[in-house]
Structures are given as structure tokens and as C-alpha cells.
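Please look over the fold shown here before reading on. The notes concern a helix pair and a pocket.

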Amino acid sequence: MADLFTPLLQSSGSQPEVHNLGDGIFHIKQFAPSELCLHLISLITEQAPLRQMMTPMGHLTQVKMTNCGQYGWISDSNGYRYSPIDPTSQKSWPSMPDALLKIHKEACELAGLTSFKPDACLINHYDIGLAMGRHQDKDELDLSWPIVSISIGLPAVFQVFSMQRNSPAKNILLENGDAIILSGQSRSFYHGVKPIKADILQPNLSQRFNLTLRKSH
């Protein structure tokens with residue numbers, strides 16, 4: 001069973017494939033080095049462990065989360081927001097690794113977007129069977145900045161809707177090392193993740209990580 005310190009896949013050496021899906025959605029395949037990303041995740045989680053957060057409705061999130069960067073996204077009985085302090089440790093979040101900033105910069109450049117320096121990276125951890133309900137990312141002060149998301153581990157079906165929560169879904173298969181960018185019109189679209197399934201071709205994989213880089217302030 002893979003853990004935080006187990007490399008998932010060797011780099012294939014393939015060139016990234018950039019797919020413009022319209023509405024400011026870019027899918028970059030075979031992009032991020034999984035071993036490097038797992039190493040960065042292990043360094044971050046040593047300082048700020050993954051945890052289930054309490055929603056304003058009083059329920060624990062299914063997906064475990066942590067953050068790095070100047071700000072971290074948190075959820076509790078007071079609502080959703082960004083905070084410079086980890087509420088578990090009462091310390092600052094771990095610094096954003098330079099290697100992660102480089103991955104973010106290259107993703108923006110491949111999509112033809114103006115590069116910017118994110119100040120927050122939310123890390124989500126999915127076990128098999130877990131999902132993320134449809135939602136909008138709207139806790140940032142300026143919603144004009146794109147969101148860059150890196151997938152590591154098991155495949156996931158990422159669903160993008162529209163400004164209407166119940167609109168038909170655009171299903172995007174995100175595999176190990178893929179990036180998805182929501183920019184322009186899609187920046188405020190509802191989106192979510194279908195339940196994570198086991199991969200019979202890679203039975204040693206048991207989890208998925210998602211690193212979402214944002215400019216929160």
C-alpha cells in the first residue's frame with residue numbers, strides 16, 4: 001500500500017499535452033513529476049498534518065486537508081476562509097516550496113496565462129471511495145486569478161458544471177501528474193470530484209492527492 005513516502009510512478013519523460021477545453025479550462029496531461037510532488041507533500045505534512053476539518057454545518061469533511069503558503073484555507077463553525085495561522089498548531093503554515101512555485105509557473109505558461117505567485121496551496125487527500133461535492137471556489141479576495149490544480153496518485157473524474165449548480169457536467173479524467181486550470185469564465189464555475197475508484201492496472205495505488213494553488217489575497 002502506498003504511503004506519503006512511496007513514489008507512485010516513474011516519470012515517463014513524455015512532453016505535456018495541453019488541451020484547451022473552453023471557458024478558460026485547461027487540462028495539461030503528463031505534466032507534474034509525481035515523485036517530486038510526493039516528496040514535497042511529505043515535507044509539508046510533517047509540519048502541518050492532514051486533518052478533517054469541521055464544516056459550518058457541524059460535519060467533518062470526508063477528505064483530509066492541509067495547506068502551505070502564506071495563507072491556508074480553513075473551515076470551522078465560523079465558516080470558510082483563509083488564515084495565516086494553522087488552527088491545529090497555532091503556527092504559520094509551512095512555506096510554499098520553490099519547486100511547487102516552479103510547477104505552478106510552468107503550468108500557467110503552458111496554458112498561455114500570465115504567471116503569478118500563489119500565496120496558498122490547499123492539499124486534499126482522497127482515499128478510495130471518497131468524493132468532493134460540487135462547489136464554487138469563492139473565498140479568495142480577487143476571483144480574476146486562475147486556480148491551478150495538480151493531481152497525484154489514483155485517477156479522478158473532475159466535474160465542471162457552470163455558474164448554475166445543477167447544470168450538466170463536463171467530465172475530465174485527471175491522471176497522475178495531470179494539471180487542471182480554471183481561469184476566465186470557468187474560475188467561478190461549480191466543480192467537484194466523483195468518488196475515487198481503485199485502479200486494477202495499478203493495484204499498489206490506494207490514494208489521490210490534489211494540490212490546488214491559489215492567490216487568496
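Predicted model: local features only at pLDDT ≥ 70, side-chain atom pairs only at ≥ 80, totals over all residues.

Helix H1, which spans residues 34-47, packs against helix H2, residues 98-110, at an angle of about 135 degrees, and the two axes lie 10 Å apart. Because of that angle, H1 counts as oblique to H2, and the crossing in which H1 passes H2 is left-handed. On the side of H1 the contact is made by Leu36, Cys37 and Leu40, which meet Ala99, Leu100 and Ile103 of H2. The residues of this contact comprise 6 nonpolar ones, with no polar and no charged residue among them.

The largest pocket has a volume of about 820 Å³. Its lining consists of 38 residues, and those nearest the centre of the pocket are Trp73, Met132, Gly133, His135 and Asp137. Several strands give two or more residues to this lining, including E4 (72-76), E8 (120-127), E9 (132-135), E10 (147-153) and E15 (207-214), together with E13 (179-182) and E14 (191-193). The table divides the lining of the largest pocket by residue class.

| Class in the pocket lining | Count |
|---|---|
| Nonpolar | 17 residues |
| Polar | 13 residues |

Notes
Residues numbered from 1 in each chain as written. Heavy atoms only, no water. Axes fitted to C-alpha atoms, helices over the stretch in contact; angles between N-to-C directions. Helix = DSSP H or I, 4+ residues; strand = E, 2+ residues; numbered from the N terminus. Parallel < 35°, antiparallel > 145°, perpendicular 65-115°, else oblique. Left-handed = near helix turned anticlockwise from the far one by under 90°. Contact = heavy atoms within 4.5 Å. Nonpolar A, V, L, I, M, F, W, Y, C, P; charged D, E, K, R; others polar. 1 Å grid on protein atoms, 1.4 Å probe; cavity = no way out; pocket = protein on both sides within 12 Å on 5 of 7 lines; lining within 4 Å. Points joined across faces, edges and corners; volume = space filled by probe spheres on them.
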